[in-house]
Amino acid sequence: MNPKTAQRLQLAFQQMQTGDLETAATSCEQILRKSPEEPDALHLMGLIRKQQGQNEAALKFLHSSIAAAPERANFHANLGNLLSKLTRFDDAIAAYRRSLKRDPGFRPARLGLVRALNSSGLYTDAEVEATKLLALDVRDAEAQVALGLALAGQGRSGEAEAAYREAIAIVPGY
C-alpha cells in the first residue's frame, strides 16, 4: 500500500471512530476507485456498512476483503461478528474458526466463537473454548461470563454461578 492510500485509510478509520460514517464511506470509496481490491479499504467499508445497518452490503465488503487477504484473522472475525448479529450462527462459527486457524491467540475471535456456540446451544464446545480464553487470561470477565453461560446451558448451575461471581469480582457491577 502506498503512503497516500495508507494516510487516507487512517483518516477514514478515524472518521468511522468519531461516528462520521458517511465521510468515512466516501473516503473508502475514493480509495476503492483507484484500488478496487485494497483489502483494508474493503474491510473498513464492511465495518462502516455494518454500523449503518446495511448488513447485506457489509457482508459483500467483508467477503471481498477476505478474498483479497484471506490470511487476515481480524477480517474473518469481523465477518463472524456480523453473521452472529444476523443470527447466522453456523456461518459465524465457521468464520471464527477460520480466524483462529490463522491466529489461535486472537481473543476477539475466540470470544465471538464462544458466544456463537452458546447461542447455538453447543454448550460443551463453548465451555472448551471459554476455557482456552481463560488460559490466556484468568481475569477476563467476558470469558468468565461466557463460561458461566456454557455451564448453565449444561445444567451445571453451581459452577455457572462461580464463573459469574468471578466475573463480578474482576469487574464489580458486571
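1. T87 counts as exposed, at 55% relative accessibility; exposed means over 50% relative accessible area, buried under 20%, and partly exposed in between, with a 1.4 Å probe and protein chains only. T87 lies in the loop between α5 (73-85) and α6 (89-102). Helices are DSSP runs of H or I with at least four residues, strands are runs of E with at least two, and both are numbered from the N terminus. T87 is not a glycine, yet its phi is positive, about 55°. Most residues other than glycine have a negative phi.

2. This is a predicted model, in which local features need pLDDT of at least 70 and side-chain atom pairs count only at pLDDT 80 or more, while totals for chains, interfaces and linings use all residues. Residues are numbered from 1 along each chain as its sequence is written, and side-chain values use heavy atoms, with hydrogens and water left out.

3. D140 sits in the loop between α8 (123-136) and α9 (141-153). D140 is buried, with a relative accessible area of 6%. Leaving aside residues up to four places away in sequence, D140 touches R107, L133, L134 and I170; contact means heavy atoms within 4.5 Å.

4. The largest nonpolar core has 33 residues. Such a core is a set of buried Ala, Val, Leu, Ile, Met, Phe, Trp, Tyr and Cys residues joined through side-chain atoms within 4.5 Å. Two or more residues each come from α4 (55-68), α5, α6, α7 (107-119), α8, α9 and α10 (157-170). A second, separate core of 16 residues includes M16, L21, L42 and M45.

5. V114 is among the residues with the most contacts inside the largest core. Not counting residues up to four places away in sequence, V114 touches A126, E129, A130, L133 and A146.
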